[in-house]
2 protein chains.
Amino acid sequence: MKIGEIAKKSDLPIKTVRYYADIGLVTPSGRSDAGYRLYDLEALKQLIFIRRARSFDFSIDQCRELLALYTNHQRSAADVKKLASAHLEMIQKKQLELQHLHDELAHLVNACHGDERPNCPIIDFLG
Amino acid sequence: MKIGEIAKKSDLPIKTVRYYADIGLVTPSGRSDAGYRLYDLEALKQLIFIRRARSFDFSIDQCRELLALYTNHQRSAADVKKLASAHLEMIQKKQLELQHLHDELAHLVNACHGDERPNCPIIDFLG
DNA sequence: ATTTTACCCTCCAGTTACTGGAGAGGTTAT
DNA sequence: ATAACCTCTCCAGTAACTGGAGGGTAAAAT
């Protein structure tokens, strides 16, 4: 499989697949005579795995760890759960921050009359 | 005021103040004989304003706009409210995405027994 | 007066995870 | 043969800083 085909099948941009090869995340199994990257089905599985993990906001480094657990059949569910739980905590923390931010800003926006007068509680609060 | 003093007073790292000067966000009023950046009280107000706006997740470009509205006494509350509302919408959108992410991941983490067996629903789902 | 300490400068590189483009070469179809 | 399409490498840019090297300046302590 050349890069265009695996990109389509994994639903990732070609540039991204090339990038993953560059950083050693998913390495092509070889090169053609012309120097084209060649991929096998294992690589395809890994790329799809990574796309899914990324869609869960796992960082590339976390994906690397997850991928190692994914391909290592000796890994225990505990290892995976630990990684995912830590990630979940980070997401929850972000959620709280965002909630706080939202409430404060919503309060200010509500307080602003929003007409042509220059007087504005949002600016007043920030300044 | 030299950069160290205004950094302390605005509660921003020196590096950041220098960076804001570089990108023309808050320019020093002048330079000393030795080439030190010199700031006045107006700059201090602006830096504090920006720090607060940044803490609300406004981007640097949005800060630039807000700052223009802040220093322009002709601006109307409508202009400010418009900017803040758009930002609020983005925050809400992010919140929804994060909520979705959280729910899915939490579901997976709950489903994972997390013991020494290699069988793991998280990996199963991703792979 | 000198030394130490603290401060300031510029420039370069790195962070995250790609993305866009230039310029060149390979492959396929008509 | 030529056009259309694919692939390659390398460079630069994104956002908003942060860290460090190497070197000059100012203020305080001795």
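In this predicted model, α2(B) gives the most to the surface near DNA strand D, with four residues; helices are DSSP runs of H or I with at least four residues, numbered from the N terminus, and a residue is near a strand if one of its heavy atoms lies within 4 Å of it. Local features need pLDDT of at least 70 and side-chain atom pairs count only at pLDDT 80 or more, whereas totals for chains, interfaces and linings use all residues. Residues are numbered from 1 along each chain as its sequence is written, chains are lettered from A in the order in which they are written, and side-chain values use heavy atoms, with hydrogens and water left out.

**DNA strand D**
- Of the atoms of DNA strand D within 4 Å of the protein, 71% belong to sugar or phosphate, and the rest belong to bases.
- A phosphate oxygen of DNA strand D lies 2.6 Å from a polar side-chain atom of R37(A), and a phosphate oxygen is 3.1 Å from an N or O atom in the side chain of R31(A).

**Chains A and B**
- The contact (heavy atoms within 4.5 Å) takes 47 residues from chain A and 48 residues from chain B.
- Between them the two chains bury about 4300 Å², 74% of it on carbon and sulfur atoms; buried area is the accessible area (1.4 Å probe) lost on putting two parts together, summed over both.
- F56(B), I123(B) and L126(B) supply 17% of the area that chain B buries against chain A, more than any other three residues.

Technical notes:
A polar contact is a pair of N or O atoms within 3.5 Å; within protein, one must be able to donate a hydrogen and the other to accept it, and residues adjacent in sequence count only if both atoms are side-chain atoms. Helices (H or I, at least four residues) and strands (E, at least two) are DSSP runs, numbered from the N terminus.
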